[in-house]
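Open the model in your viewer and keep the selection tool at hand.

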Amino acid sequence: MEKDIRLTRRFYHSIAEPGFLEFRTTINIIKNLKEIGVDEIRFGKEIHSQAYMYGRPSPKQTKAYAVTIDEDVDFDISEILEGYTGAVAKIYTNKPGPNIGFRFDIDALTIRESKEESHRPAKEGFRSRNDKTCHACGHDGHLSIGLFLGKWLVDNKENLKGTYTLIFQPAEEGLRGARSLTEAGVADNLDYLFAGHLGMGVEDGKICVGTGGFLSSTKLDITFKGHASHAGALPEEGKNANLAAATATLNLHTLTQFSTGMARVNVGVIRAGSTRNSVSDRAILEMETRGETEAINQTLVKRTYEIVEGAAKAFDLAYEIKTVGSAPALLKIESEFYKEINDMLGKRGYKTFLNGKFKASEDVVYFINKVEENGGKAVHFIFGSKLAAGHHKDSFDFNEDTLEEALGVFKEVIRYLN
């Protein structure tokens, strides 16, 4: 691991990988954790619940990418190369105290990174080497903060108490990875959980304490299965999947009328048909629902199933619906604890504010809800950072000074709880 957190971030930026394919990323995180000297590292199948590994790449895609990995390792990476990515590290002080967890997401987006000279990663030589994948959301920064926090914990273990858990989560994009880890028990027995995100529209140098406004979301893939036929000679023998897809798409976008909170539906992808003179036998919709509350989102999902079933019946088709990602809404707002942490950080020189709104979905909420359900407390931060371009854009980049600031916040939280 580099001595400078910025250089570590740039290394991980250069090897960007999408969810459940973070092979080099996971392997190097484990190498770094071993170098740091953490007490325990878990990875592979044992940190996942296979039933909740939403939206995994196909076995063919996974295998094709796995054969390109040539890392020099002294540990078994076979399960990682099957798609069981991510890692969980433990640091034991062997002194009575709280069990404190931190979560860091590690995946990148399937976006081709800008090659423009004005884009710092391209100009300074750390642009993604994976041409169709880049860190356009700051997760390279998040995981680097996690590694440097681990180093600090090991170096200061004699002055600390309790147990520390560092969770390096795969597949946040698409809301696919967190539930797999929480269902496998990764967040069990935590008294506290802390997590954060760089940027998100917060002013450079400011820190949101106790983020709210996480939207519950469900990602669905819908397939209509019909019967192909010649569109000119025998149209009556066809069962047109395109018509069902079009009907469903129009009706789905009427669902968002709620007086009780924000609601969103979006059919982002339609793939259908094969040729202009054939009745289409297959159509696929990739869509999502979002709700300000769990109840709103669940209503949207229920109505989605009903609309899809109705469209299929109207055109005499079979259909299939798969959940490929999800995130809940916050079940509990720890207002007093948020204020406690906010006041502490303010006294230590940080420019903070309470209860900023995320205005999107994030599967970190699975961790937050799990810890709070078990009687613990959790805080999510937004670390304000000047961005070269917005999140999920090909020229996204952030102010690297934010890395040290975020790391400092986590250190202060640990000192406070000790």
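In the loop between which two strands does Leu215 lie? Select Leu215: the loop runs between strand S7 (212-214) and strand S8 (216-225). Helices (H or I, at least four residues) and strands (E, at least two) are DSSP runs, numbered from the N terminus.

This is a predicted model, in which local features need pLDDT of at least 70, side-chain atom pairs count only at pLDDT 80 or more, and totals for chains, interfaces and linings use all residues. Residues are numbered from 1 along each chain as its sequence is written, and side-chain values use heavy atoms, with hydrogens and water left out.

**Stop 1: Leu215**

Leu215 counts as buried because its relative accessibility is 6%; buried means under 20% relative accessible area, exposed over 50%, partly exposed in between (1.4 Å probe, protein chains only). Next, select its contacts, where contact means heavy atoms within 4.5 Å. Leaving aside neighbours within four places in sequence, Leu215 touches Met262, Arg290, Gly291, Glu292, Ala327, Pro328, Lys359, Ala360 and Ser361.

**Stop 2: the largest pocket**

Select Thr110, Glu173, Gly174, Leu175 and Arg176, which lie nearest the centre of the largest pocket among its 44 lining residues. A pocket is found on a 1 Å grid over the protein atoms alone, as an open set of points with protein on both sides within 12 Å along at least five of seven lines; a cavity is a set where a 1.4 Å probe fits but cannot get out, and lining residues have an atom within 4 Å of a point. The space in this pocket is about 1,200 Å³, a volume being the space filled by probe spheres set on the points, which are joined across faces, edges and corners.

Now colour the strands S8, S10 (263-272), S12 (282-291), S13 (318-327) and S15 (357-360), the elements that give two or more residues to the lining. The largest share, six residues, comes from S12. By type, the lining has 17 nonpolar, 13 polar and 14 charged residues; Ala, Val, Leu, Ile, Met, Phe, Trp, Tyr, Cys and Pro count as nonpolar, Asp, Glu, Lys and Arg as charged, and the others, Gly among them, as polar.

**Stop 3: the cavity**

How many cavities of 30 Å³ or more does a search of the whole structure find? The search finds one. The largest cavity holds about 50 Å³ of space. Select its lining: Arg103, Phe104, Asp105, His142, Ile145, Ala195, Gly196, Phe383 and Phe410. Strand S3 (99-105) gives the largest share, three residues.

**Stop 4: aromatic rings**

Phe102, Phe104, Phe168, Tyr192, Phe194, Phe337, Phe381, Phe383 and Phe410 form one aromatic cluster. Rings of Phe, Tyr and Trp (its six-membered ring) pair if their centres lie within 6.5 Å; planes under 30 degrees apart count as stacked, over 60 as edge-to-face and the rest as tilted. The whole structure has 17 aromatic pairs. Take Phe23 and Tyr65: this pair is stacked, at 5.4 Å centre to centre and 25° between the planes. Phe23 lies in helix H2 (residues 23-36) and Tyr65 in helix H3 (residues 59-66), so the pair ties together parts 42 residues apart in sequence. Both Phe23 and Tyr65 are buried.
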